[in-house]
Amino acid sequence: MIQVQKAGLLTTIQDAGRRGYQKYGASPGGAADTFAYRLANIAVGNEAGAAVLEMTLQGDVLLFEEPAVISIAGADMKPEINGKRVPMWRPVYIDKGEILNFSNAARGIRTYVAIAGGFVGEDFLGSFSTYLSMNAGGHKGRKLEKGDVLSVNDPNYLNEEVKDCLSRSSREKGFTYPAWRVPGPGHFREGSPGELRAFPGRHYELFASGSKEAFETEKYKAGSKSDRMGVRLDGVTLSLRESQDILSEPVTFGTVQVPSNGEPIILLADRQTTGGYPKIAQIISVDCAKAAQLRPGETIGFRMVTHPEAEQLLLTVENRLYRCEQSVKRKIMEG
């Protein structure tokens, strides 16, 4: 078990999200940065969909009441044990009684902590993900607080192998780790820093020509009111050619909708299930995780691509993730 000695700004239990309930008004939820989430689980040999901790902007202080194997991915919150930096993007064996400290995020805003076996959470509609607006799922349907105690599921055979191998390694700092690591997200998704790729949304042609040009050429800043529902963008306001009555219809992760104030919003994991605002664009799947890591004040631009380009990029990324997972399994089994 793990005890929260000091709670971060917003730490919740998240998994791959709930599926099949959006038509009933329930948001899919799940990890906002799906790349970091998946890589953290891959590093410790977890099953796909295992629950992790998602920390936002400022991390927690965690006491390990029993030995554990974890991995940390996403934003760098400068994790430390006994004043020594704990490496990210690889499995780390932590001794019983050690305290893992996280600080403020240096780059990005969301950090993921996977543990061998996955964290135990409350099931809500087939997912352990915390649904904050419904006070359901995760740990009591809320963010973690000081004094909370987290349980871990039984490990699988890969979890046992990596734990057994690392527990035999010499260590003087209260933790140990292998020389190998998984690549960061930059290895999987090609693209320019400060750029999100998108294709035209359902209502793209309804926007004024100047607004379409501005969206594709101007820079925007992530607003301070962004959250797990969406990233609010500050910059050139957008408008339709003429007033339109838009029917409410389904939205998804990465939908860019434009409310009446003309300031675009990129929808994220805890988005609403439907929206009646015009949709100027859809962020491609491989760049949604990048959008989820935007810091308040960070500058971003958009580059339009075609559907076939987006599909090919996704296939390439999924192939690289599969090869990474197979390589990690070999490393673990080789000891």
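**Close-up 1. C165, a buried cysteine.** In this predicted model, C165 has a relative accessibility of 18% and counts as buried, because the cut-off for buried is under 20%. The closest cysteine sulfur to that of C165 belongs to C324. The two sulfur atoms lie 17 Å apart, too far for a bond, since a disulfide requires a pair of cysteine sulfur atoms within 2.5 Å.

**Close-up 2. C288, a buried cysteine in a structure with zero disulfides.** The relative accessible area of C288 is 8%, so C288 is buried. A disulfide is a covalent bond between the sulfur atoms of two cysteines.

**Close-up 3. N82, a residue with positive phi between β6 and β7.** Most residues other than glycine have a negative phi. N82 is not a glycine, yet its phi is positive, at about 55°. N82 sits in the loop that runs between β6 (80–81) and β7 (84–85). With a relative accessible area of 52%, N82 is exposed, because the cut-off for exposed is over 50%.

**Close-up 4. K140, a residue with positive phi between β10 and β11.** The phi of K140 is positive, at about 60°, although K140 is not a glycine. K140 belongs to the loop between β10 (110–115) and β11 (149–150). Is K140 buried or exposed? K140 counts as exposed, at 52% relative accessibility.

Terms used: Residues numbered from 1 in each chain as written. Predicted model: local features only at pLDDT ≥ 70, side-chain atom pairs only at ≥ 80, totals over all residues. Heavy atoms only, no water. Helix = DSSP H or I, 4+ residues; strand = E, 2+ residues; numbered from the N terminus. Buried < 20%, exposed > 50% of the residue type's maximum accessible area, 1.4 Å probe, protein only.
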